[in-house]
Amino acid sequence: MPVPEVRPPLGRDDELAAVARVAGAPEGVVGLALVGEPGAGTTTLLREGARDAIESGVRVLVLTPVPARAARPLAALRELAATLGAPFAPLGPDVDRDERDARVATLLRDAARDRPTVLLLDGVAWVDDASWDALTLAARALRAEPFALLAAGGPADARVRRSGLDVVRLDPLGPSAASALVAAVAPGLPVGLRARTLEAAGGNPLALRELATASRDAWSRCSTRPHGAVPLSPRLVDAFDPAPRVRDELEAAVVLAAAAADRAELGDAVAVAARVTGRDEAAALAACSALAARGLLVAEDETVGFRTEVARAVAYRAASLPRRHAVHVAFAAVVATEPDRAAWHRSAASLRRDPDLAATLAEGATAARLRGGLRDALATMERAARVSPPGDDRVARLLEAAAMAFEIGRPDLVDRLVSEAVHAATTPAHRERIGWIQAVYDLGRPDDGRGALAFARHAEAAATGPDAPWRDDWVRALAIRVGERAASTPPAALPADALRAAVARMGGMERHPALAGVLATVAPAEHGAAVLAHLRALPADAGGDPRLGRHLGQTAHELGDDRLAIASLTAAADRMRLEGRWGMLPVALMQRGWASYGTGELTRARADADAAARLAQDTGQDVLRAQAGALQALVEGIAGDPVAADARAAAAERALVGRTGHLADAHVARGIIALWSGRWDDAADWFARLWAPDGAAALESRRWLVIGDYAEAAAAAGRADEVRPHVAALARTAAAVDAPRLRRGVAVARAALADDDAAADAFVAAARAAAPLGPLAAARVHLGHGMWLRRHRRIVEARRELRAARDGFEALGAAAARRRAEQELRAAGTAAPRSATGPRFDELTAQELQIAEMAASGLSNREIGARLFLSHRTIGSHLYRVFPKLGVSSRAQLRDALTALAAEGRQPV
């Protein structure tokens, strides 16, 4: 597929201006030399210079040297003579050098006097010395004439520096310009591939274009090891091919050793090159130094490598298969004292399957995963599968590699690895395990309860088997899967007793904290208090494991402690961004969005829902995308347009039909939207589905979330009796579990259902329970109390409560909720001006809040831009608008301002 041209070249404004000055007015200057690595854009800038020259009426002469003619004497002068239609004989090799140089100058002077002229010379490295000297000498001699030389070459060419030309160096594009270029040529690129493109290209414009527009199939066929982790187009191979710049066999061996290395250690590469060529290490080191001087390698005191992954991949693939094998064999010998490294190189050189080698690699992959090196772990596990004989281990390793590919947001790799596992499966047990791994990507599909139990049994076997110590990570992963499957299974279908027994046999949550999620789901009333106490005692970052932290955050949310959930999920999301776990990140963001809704932080909920939806779409997680859509609809129903919100919620519901458990999210959203629109019967109907005994949406965690809403809707619709048993049941649970949100929900429900004599005390209790949950919860209690007072004709008191509700919603930016409060006020006979609630802040957008929080955490503009794929200038522009909105003048004040907003109820929207 042709790569779209981006004009003008992004990130090259200064360089473009320098070229335009010379090309548009070639007089009084010698010329300009553009120097840069292959693919840096020198040719593109020369082409832009040619356009500028032509538009200014300047003649353009073009010389295009090629490697094949680089050794031919006077090849460039021959091409020049042919271009101008002049005989070559007066410029031939038999002519005296001074005379030849003078004739070249005369030839170019005559051309320039006829018409202003620029000479474009692309590829200084392929120009012979005699031609280069003659051309640059002529350019210096013709400074006063309307002539200039525009040349392009590599940064290591010393002849450019001695030419008298002005030199403009094309450095790699910065993060913001690189992101902008990728967005321009591939606007729909999934986040995982976008991150890999930016990382592998290292700011090289050609590499950015080619990688961004490579097909998904091309990416899926690549390894995740650096020397094979990117798809190489013919243009990349041509640009970065090291062969024309390598002078002998020893240099070729050094280049291949650096490309094949698993670490960029200079000593290893030198030792390997010496071993495969039979030369001594001093000679190999000298060759390495020469290559670095010519810009082919980047060598420092103890390291050697390539400036980009693309250059490394081209160098590796340019070598023949026998030479690659020889280098890997040499590496295995050089690093023999380090088993993991030696195993990798042995596997790269292996021509047959080796179960012992495969086991060693699998252990190394597990260790790398625990260190957070997920891409290395994936590459090593995939290599372990490659050298595994057919059977259980091969299938298991392919599936573990697929799980890691999912975590880094590479659905293309997931599909390939699962497909290979399907072809390798030969037994029912194999196919069952494939079903398990597919369940990881589709947690919402129908489940009769056996899915969670199957995961639990597998986790139990791993926890008690002979390899249990090193399989703790696998046990933890399986325990998380158990909790996820259980959380999406309606209680009626959940084998609660069997799951609790399995948890006990594995040592409980004290042995494996991930099992806390299972207990919270199968018996929240019985175990909820103990689980919350256990979660509160754990560090927020779950010991640096983002998978566990995300799961524990979800568990805290399901048990009604949303502030604890936000702390865990924020730490997990930050770690996932740092480690590039783009497949897991949208889950954490969506769950934090629901927890933020629980604390009334609508702006964070909206920002997280939007980000989760985008990432879910990028990583091919359709169920998650629909769940995020339900949360987006819910927030929109409170803060914006309820009609549009209901349409979005209906779309989410259609996408989740048949997705047992997760359908509850759509029902919650539709019920909340109906409630805030005053459609009491509709709202009660939607909430009632969460209590249907055999319903697909009957999740206990969502019942805890909406019990107060259900009671409000049912009371207003005259259906109070249907909700009273549910309130009574959850009141008993709230008494046993220290869950702030559940306490508030039960208190609000009791107030909505209270008899006239008990209502006043019930609303006081509801306000007391709502206070710790933030201003949205408080405003909702004011609204409910005001509505009750108005219905009982206590108008003066009703107006006071309704004004407080309206002002609270206004401060939070909850537009739809504010309109509802205003309607109640009008019904109470007042249209009084809105009262102030304290100092006013302009509204923050969701993106501004996200950027402000990152800046408050200490990240620089460039770091924030890299994480959000935005220009650092764009980040600065956002912060320029944020500061006055928050009433601050420096980054140091941001955290206090954001904390004050949340605490005082002046929430940005």
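A residue counts as buried when its relative accessible area is under 20%, as exposed when that area is over 50%, and as partly exposed in between (1.4 Å probe, protein chains only). Helices here are DSSP runs of H or I with at least four residues, numbered from the N terminus. What you're looking at is a predicted model, where local features need pLDDT of at least 70, side-chain atom pairs count only at pLDDT 80 or more, and totals for chains, interfaces and linings use all residues. Residues are numbered from 1 along each chain as its sequence is written, and side-chain values use heavy atoms, leaving out hydrogens and water.

Let's start with helix H15, residues 309–318. Because 8 of its 10 residues are buried, H15 is largely enclosed by the rest of the structure. Those buried residues run through Glu309, Val310, Ala311, Arg312, Ala313, Val314, Ala315 and Tyr316. They pack against several helices, including H8 (191–201), H12 (249–260) and H19 (374–386); contact here means heavy atoms within 4.5 Å.

Now for the nonpolar cores. A core is a set of buried Ala, Val, Leu, Ile, Met, Phe, Trp, Tyr and Cys residues joined through side-chain atoms within 4.5 Å. The largest one has 118 residues, and Tyr597, Leu634, Ile638 and Phe809 have the most contacts inside it. Take Leu634: leaving aside residues up to four places away in sequence, Leu634 touches Trp594, Tyr597, Val668, Ala669, Ile672 and Ile673. Another core lies apart from the largest one, with 59 residues, among them Leu250, Ala260, Ala287 and Ala311.

Next, a pair of helices. H35 (residues 663–676) and H36 (residues 680–688) pack at about 160°, with axes 8 Å apart. Axes are lines fitted to C-alpha atoms, for helices over the stretch in contact, and angles run from 0 to 180 degrees between N-to-C directions. H35 and H36 are therefore roughly antiparallel; that label is for angles over 145 degrees, while under 35 is roughly parallel, 65 to 115 roughly perpendicular and the rest oblique. On the H35 side, the contact includes His667, Val668 and Ile672, and on the H36 side Trp680, Trp686 and Phe687.

Finally, look at the pair H1 (residues 13–24) and H2 (residues 42–55), which pack at about 40° with axes 9 Å apart. H1 and H2 are therefore oblique to each other. Glu15, Leu16, Val19, Ala20 and Ala23 of H1 meet Leu45, Glu48, Gly49, Asp52 and Ala53 of H2.

Methods: Helices (H or I, at least four residues) and strands (E, at least two) are DSSP runs, numbered from the N terminus.
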